[in-house]
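I opened my notebook to follow a few side chains and strands through this structure. Come along and check each entry against the picture.

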Amino acid sequence: MSFSSEVKEELCEVTWQPCCRAAFTYGLLETGRAFSAAAVTMQTERSSVARLYRELIDEVCGVSTVCESEREGGFHLLSVTGTEDRARVLSRFGHAAGEVSLRLNRANFECENCAAAYLAGAFLACGAVTDPQVDYHLEFHLPQYNLSRDLLALLRELNLRPKFMNRKSNHVIYFKESEQIEDCLTLMRATGASLELMSVKMVKDIRNNANRLANCESANIDKTVAAAAAQVEAIRRIERCGALDSLPVELQELARLRLENPEMSLRELGEALAEPISRSGVNHRLRRIAEFAENME
């Protein structure tokens, strides 16, 4: 089962108080495939959503004549078949036949939670969310422009920051930020899915931090190896010219120690000297050796 299907299964199990259940039904019906006097239909791949669609139309609208057919690809197509029944469904939510443009009727929101319930119903009808293991993306796609703008405004009033685009014949409202998707899922009461997304993101962050540390450590090792190689080459240059004994005694000791131990860090070199010195002291002496090699040339 996909992550999007898991979210829809969770939303089908949410218990809403009566006014919110009606708003939930309104969101499910209005953002479906069609919501007009000519057709009230919905298409879904989830049998649980199809069953809930029939139950809610009967419970909230008093209409039981919902025809269901199986479509290619395993989709369920549900339709309110009778003209009078469609008119009853529209009337229940303050709509009428002959509306020029389908709009969101906020009179159906009786309490502060009804907007979230409507949003949950809309997600069942026209929403989708990507598996957070792959990407962060949640969207609502509607064919009706004015309704899509009303839904966009509603989301913004609920302190969310959705984006909007056109995709072929549909108007798409979407989120790409993981925090916004978490907030949207929580608002719709898909709390299990929201927690799963947070968990996936936490694991990703830990892995990314571990990779960054590993890459940083690898880069530091590369720099250390390159620096040690340059130091050894400078010392060998001095040695080839027979000038190693010309170095001050403290530089001779460090030069021979570096030749014998090219893998040692500066701190380890400092600790291995007859009179131990700090890392910065070793670095200073190695710079003097390099300068000696350059001046000798």
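**Entry 1**

I looked up Asp85 and Arg88 and found both in helix α4 (residues 83–92), three residues apart, which is about one turn of the helix. A note to myself before going on: this is a predicted model.

Asp85 and Arg88 form a salt bridge, and their closest N and O atoms are 3.9 Å apart. Is Asp85 buried or exposed? Asp85 has a relative accessible area of 14%, so I put it down as buried, the cut-off being under 20%. Arg88 comes out as partly exposed, at 41% relative accessibility.

How many salt bridges does a search of the whole structure find? I wrote down 14.

Next I picked Arg167 and Glu139, whose side chains meet in a salt bridge at 2.8 Å, N to O. Arg167 sits in strand β7 (residues 163–167) and Glu139 in strand β6 (residues 138–142), so this pair ties together parts that are 28 residues apart in sequence. I also checked how open they are: Glu139 is buried at 8% relative accessibility, whereas Arg167 is partly exposed at 35%.

Then I turned to Glu233, which forms a salt bridge with Arg240, with 3.2 Å between the closest N and O atoms. Glu233 is partly exposed, at 34% relative accessibility. Arg240 has a relative accessible area of 59%, so it counts as exposed, the cut-off being over 50%.

**Entry 1: a four-stranded sheet**

In what order do the four strands of the open sheet lie? I traced β1-β2-β4-β3, with antiparallel pairing. The edge strands are β1 and β3 (66–71), and each of them pairs on one side only.

I went across the sheet pair by pair:

- Strand β1 (residues 34–35) is joined to β2 by two bridges, and the two run antiparallel. They form a hairpin with four residues between them. Ala34 has Thr41 in β2 as its bridge partner.
- β2 is joined to strand β4 (residues 75–80) by four bridges, again antiparallel. Gln43 has Leu77 in β4 as its bridge partner.
- β3 is joined to β4 by six bridges, and these strands also run antiparallel. Here Ser69 stands opposite Leu77 in β4.

Why do I call strand β2 (residues 40–44) largely enclosed by the rest of the structure? Because four of its five residues are buried.

**Entry 2: two helices side by side**

My last stop was helix α7 (residues 178–187) and helix α8 (residues 191–240), which pack at an angle of about 160° with their axes 7 Å apart. Angles over 145 degrees count as roughly antiparallel, so that is how α7 lies to α8. α7 passes α8 in a left-handed crossing.

Which residues make the contact? From α7 I listed Ser178, Glu179, Ile181, Glu182, Leu185 and Thr186. From α8 I listed Thr191, Ala193, Ser194, Leu197, Met198 and Lys201.

Three names there also belong in my salt bridge notes: Glu179, Glu182 and Lys201 are linked in a network of salt bridges. Glu179 and Glu182 are on the α7 side of the contact, and Lys201 is on the α8 side.

How values were computed: Residues numbered from 1 in each chain as written. Predicted model: local features only at pLDDT ≥ 70, side-chain atom pairs only at ≥ 80, totals over all residues. Heavy atoms only, no water. Salt bridge = Lys/Arg side-chain N within 4 Å of Asp/Glu carboxyl O. Buried < 20%, exposed > 50% of the residue type's maximum accessible area, 1.4 Å probe, protein only. Pairing = 2+ DSSP bridges. Axes fitted to C-alpha atoms, helices over the stretch in contact; angles between N-to-C directions. Parallel < 35°, antiparallel > 145°, perpendicular 65-115°, else oblique. Left-handed = near helix turned anticlockwise from the far one by under 90°. Contact = heavy atoms within 4.5 Å.
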